[in-house]
Amino acid sequence: MAATAGPEIERLIQLLAKLPGLGPRSARRAALVLVKKRAELLDPLTAALADVARKVKVCATCGNIDTTDPCTVCSDPRRDASLIVVVEDVADLWALERANASSGLYHVLGGTLSPLDGVGPQDLTIDALVARARNDNVTEIILALNATVDGQTTAHYITDLLQDANVKVTRLAHGVPVGGELDYLDEGTLAAAVRQRTLF
Ligand SMILES: [Zn+2]
């Protein structure tokens with residue numbers, strides 16, 4: 001497509017188009033809003049981006065991304081340090097936090113075991129997780145991994161490694177989503193929901 005703006009604005013559009021949920025059309029629209037609202041939007045956004053770019057770091061304890069290390073979650077004294085929720089990615093940690101699902105700490109694995117893609121235990125933070133699980137204060141490890149083959153393979157692998165650690169290893173329930181209709185569920189989900197039924 002022929003450029004309709006100067007190279008600086010075209011570059012801005014190209015970069016915006018790399019963001020999730022933004023295609024070339026919506027990136028162009030977003031860029032136009034930014035340049036039109038320079039004082040309210042473009043200048044503060046520029047400052048916020050520079051600020052985050054300067055300060056962002058990975059938490060050495062849990063693998064969360066934040067502007068402090070230890071991260072905000074790890075350094076919160078109200079957190080239940082006896083509980084570690086294991087997730088594949090920072091996005092999962094943020095989703096659980098949005099849902100207010102746990103008062104515990106987290107551990108980001110950085111992916112799942114995937115022999116086909118050449119991802120082995122050494123590519124994930126599994127050793128660090130085992131070390132944390134052996135801490136006397138930790139009583140439960142919650143495996144909040146995706147309900148995919150790789151996610152479940154990883155869950156089994158970690159459970160085996162934690163056999164002799166003095167912790168309870170649990171995983172998320174599989175079943176009927178909140179607001180879900182049985183007729184629309186796939187057979188695997190429906191069967192898992194019946195197997196994992198709970199007392200009413
Ligand atoms: Zn942390």
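Accessible areas here come from the Shrake-Rupley method with a 1.4 Å probe, and for residues only the protein chains shown count as cover. On that basis the chain has an accessible surface of about 13400 Å², with 58% of it belonging to carbon and sulfur atoms.

## Before we start

This is a predicted model, in which local features need pLDDT of at least 70 and side-chain atom pairs count only at pLDDT 80 or more, while totals for chains, interfaces and linings use all residues. Residues are numbered from 1 along each chain as its sequence is written, and side-chain values use heavy atoms, with hydrogens and water left out.

## The chain as a whole

Let us begin with the overall layout. Seven helices and six strands make up the secondary structure of the chain; these are DSSP runs numbered from the N terminus, with helices being H or I of at least four residues and strands E of at least two. Along the sequence they are arranged as α-α-α-β-β-β-α-β-α-β-α-β-α. The radius of gyration is 22 Å, well over the 16 Å that the globule rule gives for 200 residues, so the chain is more spread out than a compact globule. (That radius is taken over C-alpha atoms, and the rule is 2.2 Å times the number of residues to the power 0.38.)

Along the principal axes, the C-alpha atoms fill a box of roughly 60 × 45 × 40 Å. Of the 200 residues, 30% count as buried, where buried means under 20% relative accessible area, exposed over 50%, and partly exposed in between, using a 1.4 Å probe and protein chains only. Among contacts (heavy atoms within 4.5 Å) with a separation of 6 or more, 45% come from residues 24 or more positions apart.

## The zinc site

Which residues hold the zinc ion? Cys59, Cys62, Cys71 and Cys74 coordinate the ion through their SG atoms, at 2.3 Å. Donors are N, O and S atoms within 2.8 Å of the metal (3.2 Å for Na, K and Ca), and water is not among the atoms, so sites may look incomplete. Along the chain, the donors are spaced as C-x2-C-x8-C-x2-C. Cysteine 62 and cysteine 71 are both buried.

The angles between the four donor atoms run from 104 to 115 degrees, which makes the arrangement tetrahedral. For reference, the ideal angle for four tetrahedral donors is 109.5 degrees.

## Around the zinc site

Lysine 55 belongs to helix 3 (residues 38-55) and is partly exposed, at 36% relative accessibility. Leaving aside residues up to four places away in sequence, lysine 55 touches Asp66 and Thr67. Between lysine 55 and proline 121 there are 29 Å in space, C-alpha to C-alpha, and 66 residues in sequence.

A cis peptide bond leads from aspartate 69 to proline 70, with omega near 0 degrees. Proline 70 sits in the loop between strand 2 (65-66) and strand 3 (80-87).

## Helix 1 and its two sides

Helix 1 (residues 7-16) has Glu10, Ile13 and Leu16 as its buried residues. Seen down the helix axis, these fall within an arc of 125 degrees, so they line one face of helix 1; the arc is that of the directions from the helix axis to the C-beta atoms. An α-helix has 3.6 residues a turn, so residues three or four places apart point the same way.

Part of the cover over the buried residues of helix 1 comes from helix 2 (24-36). On the face turned away from the buried side are the exposed residues Pro7, Glu8, Arg11 and Gln14.

Isoleucine 158, in helix 6 (residues 149-161), is buried with a relative accessible area of 0%. Not counting residues up to four places away in sequence, isoleucine 158 touches Leu109, Ile126, Leu129 and Leu143. Leucine 190 lies in helix 7 (residues 187-195) and is partly exposed at 29% relative accessibility. With the sequence neighbors up to four places away again left out, leucine 190 touches Leu182 and Leu185.

Asparagine 100 is found in the loop between helix 4 (90-98) and strand 4 (104-108). This residue has a positive phi of about 55 degrees although it is not a glycine, and asparagine 100 is exposed, with a relative accessible area of 70%.

Conventions
Tetrahedral: all angles 85-135°; square planar, octahedral: opposite > 155°, others 65-115°.
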